[in-house]
Each structure stands twice: as C-alpha cells, then as structure tokens.
Amino acid sequence: MKKVNLAVVGATGMVGRKVLEVLEQRNVAIDNFYAFASARSAGKKLEFMGKEHVIIELNEENIKKHPVDVAIFSAGGGTSATFAPIFAKVGTVVIDNSSYWRMDKSVPLVVPEVNSDALKHHNNIIANPNCSTIQAVVALAPLHRAFEIDRIVYSTYQAVSGSGVAGWADLENGLKAYNNKTKDEPKNYLKPIFNNVLPHIDSFLDSGYTKEEQKMIDETRKILCDDSLKITATTVRVPVFNSHSISINVNFKKSFKLEEVFEVLRSADGVVLMDDISKPLYPTALDTDGKDEVFVGRVRLDDSVKNGLNLWCVADNIRKGASTNAVQILEKLF
C-alpha cells in the first residue's frame with residue numbers, strides 16, 4: 001500500500017494502544033502520524049514506530065492544522081459523533097470503532113474478509129462492527145454463501161477487556177479481594193465479575209434484550225446484507241481477561257454434509273479451524289490471545305432441527321474484534 005498520513009484518535013486507551021501495536025507489527029506504510037486524545041492526555045508523549053510523538057488535544061482547530069488521509073477512532077461514541085464529521089468534512093476517511101455510526105444507512109459496516117466491497121460506497125466515515133459480531137461473521141459468512149443461513153442463536157462468553165481498562169481492573173481487584181479475603185467492590189460492573197458470570201452487557205432495552213445483544217442481531221443482518229435473517233442472542237460477561245468466545249447455533253436453508261462445512265471453514269479467509277476431538281483440540285481464549293485470526297472448533301450437527309449446526313468461535317476481541325479489523329480496513333482502502 002502507498003504511504004498514508006494517519007491520525008489515531010484515543011491513542012492512549014486500551015484499543016488505541018493496540019491499534020498502534022498492530023500498525024507496527026503489520027508494518028503499515030505511514031508518512032505523517034498524529035496521536036489525538038482528550039485535553040487530559042494532551043502534551044504527553046508516546047513511542048510509535050521508533051519515534052516519540054506528542055499527543056495533540058482533539059479539537060476542531062487541531063484537526064484542521066494536521067490534515068491526514070485516515071483517522072482511526074477509538075474514543076467512544078460521543079467523541080465519534082462530535083469529531084468524525086469534522087474530519088470527514090476536510091476529506092479525511094474516518095474508521096470508527098464506536099457503535100455510533102454502525103447502523104447509519106449511509107455508513108458501511110465492514111469486516112474485510114466478509115464485505116470489503118462495501119468500502120466503495122463510503123462518505124468518509126466507515127464503521128468497525130462490534131467485537132463479537134466481527135468474529136461471528138468471519139466464520140458465518142462463508143457458510144452463508146454456501147448453504148444460506150435461516151436462523152442464528154448466539155450465546156457469548158465475553159472477556160472483561162471488552163469493557164476497557166475499567167473492566168480489566170474489576171477482575172484484577174476481585175482476584176486481589178479473594179486472595180486477601182476482603183470484600184469485592186466492583187467499580188465498573190454492577191456485580192463482582194471475579195468467580196462470577198454476568199448475563200448483562202450494556203444497558204437493557206424495553207424488549208428485555210441488552211444493547212449488546214441487539215447490536216449483534218442488527219449488525220449481522222447489515223454485514224451479511226440480509227434483513228430476513230432470524231437471529232437471537234444472549235451476551236454474557238465472564239471472568240476472563242481477554243478474548244471472546246461464542247457458541248453459535250445455526251440453521252441453513254440448504255441441506256449439507258458435515259464434511260462440506262469443514263471444507264468451507266478450512267478455506268475461509270481469516271478462519272483457523274481447530275477441531276479434532278480425538279486429541280481433544282478446540283480453541284480457547286488462551287489460544288487466541290494476541291492473534292488476528294478467528295478460531296473455530298466443536299463443529300457438529302444439531303440433530304434436533306433440520307439443517308442445524310453448532311460451532312464454537314473464539315477470537316482476541318481487542319485485536320480482530322477492534323484494532324486489527326480497523327487496520328485491515330485501512331490496508332484495503334490503500
């Protein structure tokens with residue numbers, strides 16, 4: 001790819017720091033680089049690609065002073081709502097990690113292995129999907145093309161890194177409280193996460209679903225370009241530091257053989273098939289931590305329904321679920 005003038009907004013956060021790491025590891029060709037963050041972090045320095053960079057306060061004046069080709073946003077929905085249009089207006093392509101733009105009909109929601117063609121129709125804002133949606137559709141899209149999905153049931157087991165540094169701290173502090181025999185008083189979650197499982201990610205909607213569950217439903221339909229898909233989801237926070245796991249139950253319109261499913265998954269872009277019950281071999285959070293691929297295992301028929309399939313899907317939610325997906329979009333653009 002050609003050299004790009006790049007800004008990272010929210011460069012000091014958990015996802016922002018991982019974006020910088022992924023850019024370095026993938027040796028992305030960057031000409032000029034600018035790190036933007038809130039006034040609280042402005043003036044501090046960070047190392048990137050062997051150079052020291054001063055963090056710039058995110059405001060309209062500084063955006064216009066530092067013209068760039070692409071800005072990767074990892075700073076929350078409010079920041080994206082306010083500042084993405086300012087970047088876009090001056091000709092910068094924004095790749096946004098927040099949920100703010102995802103369901104906007106004029107904004108493509110992109111997973112490069114699945115729907116990179118959608119990048120042809122952006123208006124200088126491109127949305128990065130929800131972390132759990134990303135890994136799920138990487139596995140499901142090739143199966144959808146082969147056998148046509150009718151219904152999906154998602155059950156997620158999501159790591160605390162999905163809540164950023166605050167979620168990570170709650171699990172660390174809960175572990176310390178357990179070891180010290182003191183009371184666990186979480187600051188991020190409503191209930192302790194250590195030694196616990198919380199069927200509650202994001203706020204509840206009137207339907208009884210959480211926003212996280214509704215995101216997976218809506219985003220899957222948008223990415224796969226099929227509003228007729230029947231989808232339900234239960235999203236759960238578990239006491240794991242990093243990498244999300246998803247149990248996916250899917251019904252297809254076409255009949256299939258299990259061998260055909262394995263062949264589709266083996267050849268799918270971005271998928272690592274890890275499935276051999278004789279060993280036994282299947283992906284876990286520890287297997288995927290620090291990796292960019294989506295790992296799939298426990299692939300088996302669901303004999304309780306016609307054309308049913310179960311699979312287990314695991315990926316690093318901070319890398320493929322956020323940072324790496326954004327960098328892959330950048331690479332596709334240039």
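Reader: Is Tyr100 buried, partly exposed or exposed?
Author: Happy to start there, keeping in mind that this is a predicted model. Buried means under 20% relative accessible area and exposed means over 50%, with partly exposed in between. Tyr100 has a relative accessibility of 47%, so by those cut-offs Tyr100 counts as partly exposed.

Reader: And Trp101, buried or exposed?
Author: The relative accessible area of Trp101 is 12%. Buried means under 20%, so Trp101 is buried.

Reader: How are the rings of Tyr100 and Trp101 arranged: stacked, tilted or edge-to-face?
Author: Good one to check on screen. Their ring centres are 5.0 Å apart, and the angle between the planes is 80°.

Reader: Which parts does the pair of Phe73 and Phe87 tie together?
Author: This aromatic pair has 5.6 Å centre to centre and 85° between the planes, an edge-to-face arrangement. Both Phe73 and Phe87 are buried. Phe73 belongs to strand β6 (residues 70-73) and Phe87 to helix α3 (residues 77-89), so the pair ties together parts 14 residues apart in sequence, namely β6 and α3.

Reader: Which strands stand at the edges of the open sheet?
Author: The six strands of this sheet pair in parallel, in the order β5-β2-β1-β6-β7-β8. Two of the strands have a single partner each, so one side of each is left without a neighbour in the sheet. These edge strands are β5 (56-57) and β8 (125-127).

Reader: In β6, what is the bridge partner of Ala7?
Author: Strand β1 (residues 4-9) runs parallel to β6, and four bridges join them. For Ala7, the bridge partner in β6 is Ala71.

Reader: Where is the kink in helix α10 centred?
Author: Helix α10 spans residues 319-333 and has a kink of about 35°. The helix is mostly covered, with 12 of its 15 residues buried.

Note on methods: Residues numbered from 1 in each chain as written. Predicted model: local features only at pLDDT ≥ 70, side-chain atom pairs only at ≥ 80, totals over all residues. Heavy atoms only, no water. Bend = angle between axes of the 7 residues up to and from the residue. Buried < 20%, exposed > 50% of the residue type's maximum accessible area, 1.4 Å probe, protein only. Phe/Tyr/Trp six-rings, centres within 6.5 Å; stacked < 30°, edge-to-face > 60°. Pairing = 2+ DSSP bridges.
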